[in-house]
Amino acid sequence: MIIKSQQPIGIFDSGIGGTSIWKEINTLLPKESTIYLSDSKNAPYGQKTKEEIIDLSIKNTEILINKGCKIIVVACNTATTNAIEYLRANYNIPFVGIEPAIKPASLQTETGIIGILATKGTLNSSLFEKSSANINDNVQIIEQIGEGLVELIENGEMHSLKIRGLLEKYLSPMIAKKCDYLVLGCTHYPYLIPQIKSIIGNNITIIDSGAAVAKQTKNILVEKELLNTSNNQVSNTFYINKEKSVLKEIFKEYDKIEIDYLDF
């Protein structure tokens with residue numbers, strides 16, 4: 001008999017970016033098995049229409065359900081802000097989403113100016129618009145589309161001169177306007193934190209949502225009595241529909257990680 005609590009956590013993203021979320025989940029919940037879908041073939045989602053994003057999210061969700069997942073983490077800001085309402089309404093499985101952490105940034109800012117670096121799909125979504133509308137009127141949000149960043153990360157060019165040039169272009173206006181918090185609104189972007197820090201210095205605090213998503217995943221598993229308490233062997237399987245080399249590089253220091261190609 002299959003014990004529901006021992007089934008894996010499903011995670012999907014428009015590529016490898018959501019592995020930054022996986023790392024937080026794995027750290028907090030080391031007894032949980034996971035299945036991760038890297039839809040790199042269709043990255044970035046941020047340039048697609050809402051209908052296309054919903055269709056891709058449906059495809060990813062159904063693959064994870066068919067593989068026996070007990071909960072699905074939408075480890076993609078664009079997919080969350082455009083598709084999670086549809087997914088929750090149409091599938092009988094718990095979902096955890098990820099949104100840019102503009103609320104905590106707005107509550108902690110001292111200059112009253114926060115920056116957000118995100119994809120076009122996230123910044124243009126109705127869910128992000130609602131979240132922004134709830135922010136104190138005295139807080140100014142500088143929105144910046146990170147055009148080109150996801151593609152370079154997917155190609156393994158996280159430390160390239162191209163990445164550096166784009167980051168300097170996108171972050172300079174925030175520095176000039178005395179922004180003191182930078183919200184990373186894409187799960188790919190935490191991989192750029194070393195380069196970002198070298199540009200913005202110590203006066204701007206970087207916030208991403210990874211730890212919060214891991215905590216929310218645990219909370220839901222506890223609430224639904226799905227938390228794995230057994231000491232059975234854990235498996236962590238990553239499926240990618242493109243070249244595997246970038247994923248292998250990300251996990252080169254991890255043991256017991258299985259990376260497979262899957263045509264989806």
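Strands β5 and β7 pair in the parallel sense over five bridges, where two strands count as paired if DSSP finds at least two bridges between them, and where strands (E, at least two residues) and helices (H or I, at least four) are DSSP runs numbered from the N terminus. The model is a predicted one, in which local features need pLDDT of at least 70 and side-chain atom pairs count only at pLDDT 80 or more, whereas totals for chains, interfaces and linings use all residues. Residues are numbered from 1 along each chain as its sequence is written, and side-chain values use heavy atoms, with hydrogens and water left out.

Six of the six residues of β5 (residues 113-118) are buried, so the strand is largely enclosed by the rest of the structure, buried meaning under 20% relative accessible area, exposed over 50% and partly exposed in between, with a 1.4 Å probe and protein chains only. In a regular strand the side chains alternate between the two faces of the sheet. In β5, I113, G115 and L117 point one way while I114, I116 and A118 point the other way, and all are buried.

Two packed helices are described by the angle between their axes and the distance between the axes. Helix α1 (residues 19-28) packs against helix α10 (residues 210-223) at an angle of about 50°, with the axes 8 Å apart; the axes are lines fitted to C-alpha atoms, for helices over the stretch in contact, and angles run from 0 to 180 degrees between N-to-C directions. The two helices α1 and α10 are therefore oblique to each other, a class left after angles under 35 degrees (roughly parallel), over 145 (roughly antiparallel) and 65 to 115 (roughly perpendicular) are set aside. On the α1 side, I21, E24, I25 and L28 meet G210, A211, V213, A214, K215, T217 and K218 of α10, contact meaning heavy atoms within 4.5 Å.

A cis peptide bond with omega of about 0° joins A43 and P44, and P44 is found in the loop between β2 (34-38) and α2 (50-66). K178, in the loop between α8 (161-176) and β7 (181-185), has a positive phi near 65° although it is a residue other than glycine, and K178 is exposed, with a relative accessible area of 60%.
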